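I opened the model and went looking for ring pairs and for charges sitting over rings.

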Amino acid sequence: MELTIALHRAFNSPEDALIWDVSHQCYTHKLLTDRYKNFSTLRMHGGISGFTKKKESPHDFFDNGHSSTSISSALGLLEAWQHEGRKGKAVAIIGDGALTGGMAFEALSHAGQISKNLIVVLNDNQMSISPNTGSLSRYLSRLTMTSSYQNFRHTVDHIVDKIPYFNKHLGNFIFRLKRGIKGMFLTNNLFIDLGFEYVGPLDGHNISELEHVFEHVKKLPRPVVVHVVTRKGRGFSFAENDPAKFHGIGPFCITDGTVEKADKVSFTEVFGKSLVKLAEKHSNIAAITAAMTKGTGLDEFSKLYSERFYDVGIAEQHAVTFASGLAAGGMIPVVCIYSTFMQRAVDQIIHDVALQNLHVVLVFDRAGVVPQDGETHQGMYDIALMRSIPNVSILAPCSAKDLEYCLAWAVEECNGPVVIRYPKSSCPSQEFDFAPPVSVISATPAISASDSGSASFAPSDSVKSGFLVPCSEFAASLSPAENKKTEKKILFVCTGGFFSETLNAARILLMKDIETDLYVLRFIKPFNYEELAQIAKKYDGIVVAEDGVALGGIGEEVKCMLLSEGIKNVTVKAFPDRFLAHGNRSEICADCGMSPEDLAQAALDLLK
């Protein structure tokens, strides 16, 4: 908060551009730029975004949401302004966590090369989402803890402030003198070597000192890094003590910091517990994440098997290629990253994993619709991105037990690269259970309902598509109206992450006396089209529901395949070709025509 206030005092936004990396930290900026009156709608459907947003304010220059981009964006904007003769300054505010991303170093190198008067504010709080690790974090700590320079700096500042009349005129001289003295103590400074002036480390909570420094550095003709040291959550003890918990937090109790915990288990929690069980059996399993230990459910694994756990920082590309090296050496790496961030490593998946046909398990958390975070965090592109890559298998579990089996199959039976994707949501509850037996394609072993309330499916190498769920397996809770069903029959074909919505749509049709079955796509790739075609011929209409984008998704291919088999009464429901704003899961689905009611109506339209 203090850093933001000092920046707005020293710079003249929007004539000067303040560009926030990731922009989770932009709330104070929004309050200071005429959004206070709407702040109660933050991250709510139809409300203001939790990130910077161009359409909200001229003070927001980019729609940010991913890390390590601010220096590149600011440098490009500054270069364009200078071509136009515009005199504004460009300030990139980047955290030490985001600085672990390789793109930030590429931008630093370029900025130093072309020597533009870019200002980079490094907000060093020793915190990304998981605690920072690695040599860069230690390097920044060394800069921060140079007591000899700190003592000198504070002594000089104190003396100058005491000199009447001359203190303002001495400002520029003292500023340059301190830079020279600093060079004596900090001879190996990365930023200086890259062509930047370096100022700091400064107390990031001292507004007057920060404002004083910014007034000076904005006059420098060269690129400069201003290194400030802050404490995440400062001023609120619960956030100070648990910054990871309070990163992107929802509603909580102000008096004690408690967050209401949902009763249902999430896919993320199931994945974390399942991987720990597998690691007990297989000593060559390794877990990798990119600064998301808690967010991906790997905190228990990191404590129990620290020698096999790797948090590489915000470096998704490195995480995937590092995993390929582990696999080449005989380990079984499990890389868990949010779907939206895995987009940054598509080349590494193709070149370093798939091309080599290495046994790397890629786990895409937050696949499909992602609530509250909005456009930058939606995870609905991974199906279209991954399906075209040779050698890659793609699994989409629909329940807690299904995720356990899919992960076991990926680790113990698959020989090449495999993707497992699941949504940011709770696993289907007891209400959505279906009782055994359920017939499964390819004569796989029997299926039963687990004690925990989630549907369980026995894994088999022969399962290359999905499984059929007859309406009789989930209609028990409905009224007797189902006994007078029409002769018309509907088949829903859904990806695993969209199972709950599709199941609700099927129940809507059952209440309208229309017999409806589900075919759940456990395997998105490879896929046994012949078996699905044989099943589909028994129905009067087929609705394919996919929690991914329509263009390039599995739905359009299923429809083409069925058409080639003479099955024409098919419609595909998937997400449209546009970026989706924030809201809860139900609101986003409704906005896109993907709610259970929309799916049911699509089936009724087919029957007409």
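Predicted model: local features only at pLDDT ≥ 70, side-chain atom pairs only at ≥ 80, totals over all residues.

Entry 1. I then counted the aromatic pairs and found 15 of them in the structure. How far apart are the ring centres of Phe-11 and Phe-214, and at what angle are their planes? The centres are 5.9 Å apart and the planes stand at 50°, which lies between the 30 and 60 degree limits, so I noted the pair as tilted.

Entry 2. I looked up where these two residues sit in the chain. Phe-11 is in the loop between α1 (2-10) and β1 (17-20), while Phe-214 belongs to helix α9 (residues 207-217). The pair links distant parts of the chain, 203 residues apart. Phe-11 and Phe-214 are both buried.

Entry 3. Back to Phe-271 and Tyr-422: their ring centres are 6.2 Å apart with the planes at 40°, so this pair is tilted.

Entry 4. Which residues do ring pairs link into a cluster? I found Phe-236, Phe-238 and Phe-252 joined in this way.

Entry 5. Last, I turned to charges over rings. Arg-86 places its charged end over the ring of Trp-81, 3.7 Å from the ring's centre. I also noted Lys-401 over the face of Tyr-405, at 6.0 Å from the ring centre.

Conventions
Residues numbered from 1 in each chain as written. Heavy atoms only, no water. Phe/Tyr/Trp six-rings, centres within 6.5 Å; stacked < 30°, edge-to-face > 60°. Helix = DSSP H or I, 4+ residues; strand = E, 2+ residues; numbered from the N terminus. Buried < 20%, exposed > 50% of the residue type's maximum accessible area, 1.4 Å probe, protein only. Lys NZ or Arg CZ within 6 Å of the ring centre and 35° of its normal.
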